[in-house]
Amino acid sequence: MSLPKEQIYTEDDYWNLPEDIRAELIDGKIYYMSAPSRMHQEILSSLFTEIKLHIRSKGGSCRVYPAPFAVKLRENKDDTVEPDITVICDRSKLTDKGCTGAPDWIVEIVSPSNPGHDYVRKLNLYADAGVREYWIIDPAEESVLVYIREHERFHVATYTFKDKITVDIYDDLIIDFAELMAEIPGED
């Protein structure tokens, strides 16, 4: 008896999902995304605002987008992801549908329901695609892993929510996580 073949999905399948469905397409598989927690959204909102204000204050040409924002990592491959925060400095990568090509900086905030998705699957995907900087923020662990691309591979540094982290793609942007987290209201 032969096993049934696993369905391989394409970019067309991804774009034909209902609008109210959040999902990512990686290696021919659709990964459905659950609604984020309030803490996830608080961190995303605060960090996005800091990045946006920094770019604006410097008159920078980079663009920053919060999820949902579609990123097709390679022109010749069907992988399409929706990072929590995406920073693109090469505007030629921007399309009507989102971004095609590796962004300069991606931030993912770990979901407790599927941490391996950000720590393993997306880490490898982003490394292979040539993303310059990748942050994994884990609210449960109060940690931030910062991956910097050097010589075709990622180097990692580990931080806590008490640290100040210098953004590698900007010489003058430092994210003070203690300050950022102090502004977020606690659980009621």
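Author: In this predicted model, a residue counts as buried when its relative accessible area is under 20%, as exposed when over 50%, and as partly exposed in between.

Reader: Is cysteine 62 buried, partly exposed or exposed?
Author: The relative accessibility of cysteine 62 is 9%. The cut-off for a buried residue is under 20%. Cysteine 62 therefore counts as buried.

Reader: Which cysteine is joined to cysteine 62?
Author: The structure contains one disulfide. Its S to S distance is 2.0 Å, and a pair of cysteine sulfur atoms counts as a disulfide within 2.5 Å. The partner of cysteine 62 is cysteine 89.

Reader: Is cysteine 89 buried, partly exposed or exposed?
Author: Cysteine 89 has a relative accessibility of 23%.

Reader: How far from cysteine 99 is the nearest cysteine sulfur?
Author: Cysteine 99 is in no disulfide. At 3% relative accessibility, cysteine 99 counts as buried. The nearest cysteine sulfur is that of cysteine 89, at 11 Å.

Reader: Is the disulfide of cysteine 62 and cysteine 89 right-handed or left-handed?
Author: The handedness follows from the torsion about the S-S bond, which is about 100 degrees. The disulfide is therefore right-handed.

Reader: Which element gives the most to the lining of the largest pocket?
Author: The largest pocket, with a volume of about 360 Å³, is lined by 21 residues. Met33, Ser34, His40, Ile109 and Ser111 lie nearest its centre. Strand E2 (29–32), strand E9 (105–109) and helix H3 (115–129) each supply at least two lining residues. With three residues, the element that gives the most is H3.

Reader: How many residues in the lining of the largest pocket are charged?
Author: The lining of the largest pocket includes seven nonpolar and seven polar residues. The number of charged residues is seven.

Reader: How many residues in the lining of the second largest pocket are nonpolar?
Author: The second largest pocket holds about 280 Å³ of space. Its lining has 14 residues, with Tyr14, Trp15, Glu19, Ile21 and Glu82 closest to the centre. One lining residue is polar and four are charged. The number of nonpolar residues is nine.

Definitions and conventions
Residues numbered from 1 in each chain as written. Predicted model: local features only at pLDDT ≥ 70, side-chain atom pairs only at ≥ 80, totals over all residues. Heavy atoms only, no water. Buried < 20%, exposed > 50% of the residue type's maximum accessible area, 1.4 Å probe, protein only. 1 Å grid on protein atoms, 1.4 Å probe; cavity = no way out; pocket = protein on both sides within 12 Å on 5 of 7 lines; lining within 4 Å. Points joined across faces, edges and corners; volume = space filled by probe spheres on them. Helix = DSSP H or I, 4+ residues; strand = E, 2+ residues; numbered from the N terminus. Nonpolar A, V, L, I, M, F, W, Y, C, P; charged D, E, K, R; others polar.
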